[in-house]
Amino acid sequence: MKIKLKKIIGVIILVVVAFLYAHIAKVHNIYNTEIDPSEYGNTGILTELGIKQEFVCAEEYLDGIRIKSTVTESAEQILLSYSLKNLSTGEVAASGKAEGKAVKNSKFFEIPFERIENCKDTRFELTVSSN
């Protein structure tokens, strides 16, 4: 009887874990995956002009973006500004600031923001700059 109870509890835990895993945030690339990453150019130090990247959202909602960067100097005193512009409406859908010390060399850095609903197939422009 105890063995059956352990198996039932194990199956319930497995179903709960599978459900939670199915609903985690999924990351989608906003860059061309057909290009060898070694061919990407170095943007150098971000200035007030920053960098811009256009992409089309493949999901029904968007609640964050991950970027990968190379850090050659200390970013402790850097403050990054970001904005996400909806190119269909011209509105800024999300904006904010992030500390540069959170950016690690050759690691993904997440920029979270409030969830944007109903954005499948919408063109966005991400702008990141330093102050």
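User: Leaving aside its neighbours within four places in sequence, which residues is Glu 110 in contact with?
Analyst: This is a predicted model, where local features need pLDDT of at least 70, side-chain atom pairs count only at pLDDT 80 or more, and totals for chains, interfaces and linings use all residues. Residues are numbered from 1 along each chain as its sequence is written, and side-chain values use heavy atoms, with hydrogens and water left out. Contact here means heavy atoms within 4.5 Å. With neighbours within four places set aside, Glu 110 touches Ile 65 and Arg 66.

User: How far apart in space are Glu 110 and Ile 65, C-alpha to C-alpha?
Analyst: Glu 110 sits in strand β5, residues 107–116 (strands are DSSP runs of E, at least two residues, numbered from the N terminus). Along the sequence, Glu 110 and Ile 65 are 45 residues apart. In space, their C-alpha to C-alpha distance is 5.8 Å.

User: What confidence does the chain average?
Analyst: The score to look at is pLDDT, the predictor's confidence in each residue, from 0 to 100. In this chain, 78% of the residues score at least 70. The chain's average pLDDT is 80.

User: Which strands stand at the edges of the open sheet?
Analyst: Four strands make up this open sheet, in the order β1-β6-β3-β4, with antiparallel pairing (two strands pair if DSSP finds at least two bridges between them). Each edge strand has a single partner strand, so one side of it is left without a neighbour in the sheet. Those edge strands are β1 (51–56) and β4 (92–99).

User: Which residue in β6 is the bridge partner of Lys 52?
Analyst: Start with the strands: β1 and β6 (residues 123–130) run antiparallel and are joined by six bridges. Look in β6 for the bridge partner of Lys 52, and you'll find Thr 127.

User: How many residues apart in sequence are the parts tied together by Glu 54 and Arg 123?
Analyst: The side chains of these two, Glu 54 and Arg 123, meet in a salt bridge at 2.2 Å, N to O (a side-chain nitrogen of Lys or Arg within 4 Å of a carboxyl oxygen of Asp or Glu). Glu 54 is in strand β1 and Arg 123 in strand β6, so the pair ties together parts whose separation in sequence is 69 residues.

User: Which residues are linked in a network of salt bridges?
Analyst: Arg 115 and Asp 63 meet through their side chains at 3.7 Å, N to O. Arg 115 also meets Glu 117, at 3.9 Å. The linked residues are Asp 63, Arg 115 and Glu 117.
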